[in-house]
Amino acid sequence: MSCHQPLKSEEITPQTGEKVLRVALAGQPNVGKSTIFNMLTGLSQHVGNWPGKTVEKKSGRCRYRNYLMDIVDLPGTYSLTANSIEERIARDYIVQERPDVVVAIVNAATLERSLYLLAELLLLPSPVVLGLNMMDVAEQQGYRIDAQILQAKLGIPVVPMVASKNQGVKELLDAVIGLVEGLIPYNPRQPEIKEAHKPILEKLRELMDGLVPEPYPLDWVAIKLLEGDSELTELVKGWVDEDKWGEISALLKGHEDAILDIAGGRYEWIRKLVRAAVEEPRMGPISLTERLDQVATHPLWGLVVMALVLGVIFWLTYTIGSPIQSWLEGSVVASLAKWASSWLSSWGAPAWFHGLVIDGIIGGIGTVLSFFPILAVFFAVFGLLEDMGYLARAAYVMDRFMHWMGLHGKSFLPLFMGFGCNVPAVMGSRIIEEERARLLTIFLTPFVPCSARMAVLVFLAPVFFGERAFLVSWGLILINLAILAAVGKVVNLLFFKGERLPFIMELPLYHLPNLRTIGLEVWHRVAAFLKKAGTVILAVSVVVWALSYWPTGSIEGSFLARVGVILEPLGRLAGLDSRMVLALLTSFVAKENAVATLGVLYGAGEEALASALQDAVSPRTGFAFLVMEMLFIPCVATVSAIRQEVGSWRWTFLVIGFYLILSFVAGILVYRFPL
Amino acid sequence: MEAANSFKPLVDVRAGEKVVVKELRGGRGFIARVASLGLIPGTEVEVVRNPGHGPIIIRVKGSYLALGRGEAAKVLVNLA
C-alpha cells in the first residue's frame, strides 16, 4: 500500500510546493474512527491532552499527492451538545479552528443512528466528507447501501470503506482533495426542523442578526439556542443587551420541548436518505452479535464468561509477561549493573558514586523496565477486547455491583486489573468516559492489592502467623476490598450526594479486531508510560537512594532513617519500631522493597530474616504492619501513572496524603483494638 | 389519542417485546443525550434483556444500548 504515506514524526515539515491541509476526523464512538486515524497517520501521531482538559488529543500527519495533511482526531461523540466535555471540544475545534475539511465517519451497519452526528456537522462552517465505514459488517447484516445515491441525496462526497482492511482509505483522501480543489460539487442538504418550530427559529435568527460575533455561524447558534444548549445560552446572554435577551428568552420559554422536534427533524431527514439509498434486510438469520450476547450479557452466564476472560488475561500476562520481565531483570539490568560495577571499580570511583549508579540509577531503570512487559500484555489484551466489542458487555454485566459505589460498570475492569499491577489499572481507567467515575476509579485503585504487595504478604504472613497465615492473608485482602467499597460509598454519599451516575452505553456490534490499531495503541500507551512515568520513577529512585545513603553511607544512620525516627512515635501507636516504619517508607519505591529493607535493618538475609522477625516482632505488631503495608501510599510507579492520567499534582498529593493517613489510622486501630 | 397514563415506563417492558417510544421524561440534558442515541418519540424499540435488576438492553435503529433502570424509567412507551 503506497497510496499514502503515514509519516515518521521527524519528517513532518511541508516540502516546497506542498500544500498543507487541516483535516478533522469526526464520528460517533464505535464507527472505526481510530482505525482510520491510525491508517492515515501511523507513527507520526502525537498524543497529548486538549488544552486544559483531561481528554486525550491525537493528531498526526499524512502525505498524499501534493498535500501534507494535518489530521486531528476529534473525540468520539454521538452529537454536538454542551452536555459532555468531549462534545464541547469537538464542536469548539470545528467552530474556532475551522479545519479545511471535516471527515465524518459513520458505521454503515448502524447508519440511521450514526448519521445523526452528520446532521449536526453540516450546520458548522467546514465542508464535510462522509466516510461510510464498516461496509463489510453492514453487508453481513443484510444491508445493501448505494453510496452514489447517498452522495446525490446528501450533496456531499460519500466514500464507502472497510478501514480494517485498508479499503477506501485512498478514496477518502481523494475525496478530501477533490473537495478542496473544487472538483467535487458541494451542496449539502440540511435537515429541516419540524413545522411547529420553524417560525420561532426564523424569529431567533432575526433577533440575533448582526449580533453573533465571529467565528460563530448564526444558523447554528439559533438552532443550539432553541435546543436549550447551556453553553450557547450563556454566550448569547453576553452578546446581546438585556432587552434583546428578554425578547429571546420570552421566545424560548414555552418551547422547552423544541429539542425533540429538532432531533425528530434530523431523524426524519436520515430516514428519507436511508429509504432512498439502503435496501434493508428482511428478517434474516440471527446475527452474530445476537448469538454471542445470548451468553455474554446473560445475568449469570455473562459473569461466568467474564471470569473466564479475566482468567485468560492473567494467564497471558504471566505466561508472556513474567518470563520477559525476569529476563529483563535477570539478564539485561543485572548485566548492565555488573558491567557498570566493574567499570566503576577499574576507574576507581568513590563508594557513593558506585551506589548512586548501581542502586539509584540502574535500580530505577530496572523498576521502570520491569513494568514494560506487563503493560504491553495488558494493553494488548484490553485493546483487543475493546476493539472486538466485548469490553462494553463486561461493563454491562458488572454495572449492578459497581454503581452502588458511585462507579460505572466500566470501572470494574481496570480495578480488577489492579490485582496484577496498579499501574495498568490506573491507565486503563481511561475507558470510562464519565469523568467523575473515572476519577473515583483511579482514587480507589490502590486499595486493590497488587501482586507485589501479595508477595510481601506471602513472605511475612507465615513469619508472624505460622499455620494461620493463609486465613490472615485472606482476611487482609478482604479488609482492603471492604475499605474500597466503603470509601467508594462514602465518597459517593458525601461528594456526589448519592446521586446515581446515569448509565447509558452503546453495546457495539461484535467485529474482528484490527491488529494495526491495537499495536499502535499499545505502543503509544507503553511509550507514554516509559517517557512520563519513567522519568518520575527514576528521579524518585535516585532521591530515595540518596536519602538512604547519606550522610553515613548506610541506611541505619541515613536521612531516611531520621524521617523514620520522626515518624516513630506515630508508628509506636501501631506497635511499630523505627525499622518497620522505615520498611514502609521504602516500599514507596516498590512494594517488594519492604522485605529487602527489613532484611538490611534486622541484619539478616531473606532466609534468616524470618527467624529474626519471629523473635523481635509480636503477631499483634506484625498484623498492624501488614495492614499498613497493604494500605500504604501506592508505589511511585502508580503515583506517576495517577499524575499522568489525572494531570494534576494537587490531586496526586491528595491521593498520597489520603493513603498515608488511612494506613496509619488503620494500623493504630488494629493494634489498639485487637480482636 | 391515547391518554398519557396508558404509557408504561420502558423499565417495565419484558425482554422480547417491541414497543414504541411515546414520551421522554427528565431534563434537557437527558433528552438530548438519548435523542442522539436514537431514542425519540415514535421510535420502535425492542427490549433485548431485562433481568429485573441492573441495567436493561434495548435494540434501537439497528444498534444495542444498555440503559440503567433509572434512565429506562424515564422513557415511556406503548406496545407496538
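**Exercise 1. How many residues does the contact take from chain A, and how many from chain B?**

Let's work through this predicted model together.

- Step 1: Look for pairs of heavy atoms within 4.5 Å, the cut-off for a contact.
- Step 2: Count the residues on each side. Chain A gives 41 residues and chain B gives 33 residues.
- Step 3: Turn to the area. About 3,000 Å² is buried between chain A and chain B, and carbon and sulfur atoms give 62% of that area.
- Step 4: Pick out the main contributors in chain A. A:Leu260, A:Tyr396 and A:Ile504 lose the most area to chain B; together they make up 22% of what that side buries.

**Exercise 2. Find out why chain A can be called as compact as a globular protein of its length.**

- Step 1: The C-alpha trace of chain A spans about 85 × 60 × 55 Å along its principal axes.

**Exercise 3. Describe the inside and the surface of chain A.**

- Step 1: Check the surface. Chain A exposes about 28,800 Å², with 62% supplied by carbon and sulfur atoms.
- Step 2: Finish with the charges. Chain A has 57 positive and 63 negative charges, and their mean positions lie 2 Å apart.

Notes
Residues numbered from 1 in each chain as written. Chains lettered and ligands numbered in written order. Predicted model: local features only at pLDDT ≥ 70, side-chain atom pairs only at ≥ 80, totals over all residues. Heavy atoms only, no water. Rg over C-alpha atoms; globule rule 2.2 N^0.38 Å. Areas by Shrake-Rupley, 256 points an atom, 1.4 Å probe, with all protein chains shown as cover. Lys, Arg positive; Asp, Glu negative; His and termini not counted. Charge placed at Lys NZ, Arg CZ, Asp CG, Glu CD. Buried area = accessible area lost by both parts, 1.4 Å probe.
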